[in-house]
Amino acid sequence: MTTATTLARGERSSLARARLAKLARHAIGVAAFLLVWEVVGRTGLVKWLPTASDSLARAIGLAFEPEFLGDLVSTLTAAAIGLPLAVVVAVPVGLLLGTVPVVEEMTRAIVEFLRPIPSIALIPLALFIFQPEINAKVALIVYASSWPILINTLYGVRDVDPVATDTLRSFGFGSGAVVWRVSLPSAAPFIFTGIRLAASITLILAISVEYVVGGAGGLGAFLIQASTGIGADAMIDVIATLVWAGAIGLVVNTLLLRAERRLFRWRNA
């Protein structure tokens, strides 16, 4: 066995131990949180707060209820449509603003005016312009999710090494080729980070729109129905739905984070 092989195995073993230790810390943190929640729920320190065991049991039970699954599919469908559309809109705009300073200066005031507007405040306008409700929900998701992608794309383009772009231009490549061969690949890690941030926004906004509008379906509509109940059972339904929303967000973020690390290993090296 060569020294290089021994070192490689030692490095893999060390990495595996580090991952296990990290996983153990996460598990301990979750267990501690659930324990505190269970104690608070059983002692009645917070009025109407159900125990962790009852809430998790109800969350598992929701997986077997067709009505809840239909609402879940409705929310995820809107998010799955809105996020790719946001990427299609925001990435080209971010590349344009990042590579053409004149355009960025001309639109800076408009961007800074639109970006702080809460997406929830635009619900009446979206419902007036877009019909049926699913179109309004997707439009708001695209609007809200585009900002982190656009801003990260813009910053990513600005971070491009000017030597690389100047070298390509010196070989006779045009602006389009420079953007495609240098700017876009260099900005890709920033863009992917923006997409990961936008993914959580899509779920939050989809549920928020459903909750405010009331609509025929979605987790937001399910929350409205659950909150109209009386007593602890209603609170259990609400918290169980929130557990699902949080679990979905966690899974999506974890998958995107792993994809980001695999695609851009060189960035973490």
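Reply: Take Trp244 to begin with: its relative accessible area is 21%, so Trp244 is partly exposed. The model is predicted, so local features need pLDDT of at least 70 and side-chain atom pairs count only at pLDDT 80 or more, while totals for chains, interfaces and linings use all residues. Residues are numbered from 1 along each chain as its sequence is written, and side-chain values use heavy atoms, with hydrogens and water left out.

Me: What makes Trp244 partly exposed rather than buried or exposed?

Reply: Buried means under 20% relative accessible area, exposed means over 50%, and partly exposed is in between (1.4 Å probe, protein chains only). With 21%, Trp244 is therefore partly exposed.

Me: Where is Trp244, and which residues is Trp244 in contact with?

Reply: Trp244 lies in helix α10, residues 232-263. A helix here is a DSSP run of H or I with at least four residues, numbered from the N terminus. Contact means heavy atoms within 4.5 Å. Leaving aside neighbours within four places in sequence, Trp244 is in contact with Ala59, Leu62, Ala63, Phe68 and Leu72. Trp244 and Ala63 are 181 residues apart in sequence, but their C-alpha atoms are 9.4 Å apart in space.

Me: Why does Trp147 count as buried?

Reply: Trp147 has 13% relative accessibility, so Trp147 counts as buried. This residue is in helix α6 and touches Val111, Leu114 and Arg115, not counting residues up to four places away in sequence.

Me: What about Thr153 and Thr75: why do they count as buried?

Reply: Thr153 has 0% relative accessibility and therefore counts as buried. Thr75 has 0% relative accessibility too, so Thr75 counts as buried. Thr153 is found in helix α6, and its contacts beyond four places in sequence are Val91, Gly94, Leu95, Ala187 and Ile191. Thr75 is in helix α3, residues 66-99, where Thr75 touches Leu203, Ala206, Ile207, Glu210, Gly218 and Leu219, again not counting residues up to four places away.

Me: How do you know that the span of helix α4 agrees with its number of residues?

Reply: The expected span is 1.5 Å times one less than the number of residues. For the 14 residues of α4 (residues 101-114) that should be 20 Å, and the end C-alpha atoms are 19 Å apart, so the span agrees.

Me: Which residues of α4 and α6 meet, and what classes do they belong to?

Reply: Glu104, Val111 and Leu114 in α4 meet Tyr143, Trp147, Leu154 and Arg158 in α6. By class, the contact has five nonpolar, no polar and two charged residues. Ala, Val, Leu, Ile, Met, Phe, Trp, Tyr, Cys and Pro count as nonpolar, Asp, Glu, Lys and Arg as charged, and the others, Gly among them, as polar.

Methods. Helix = DSSP H or I, 4+ residues; strand = E, 2+ residues; numbered from the N terminus.
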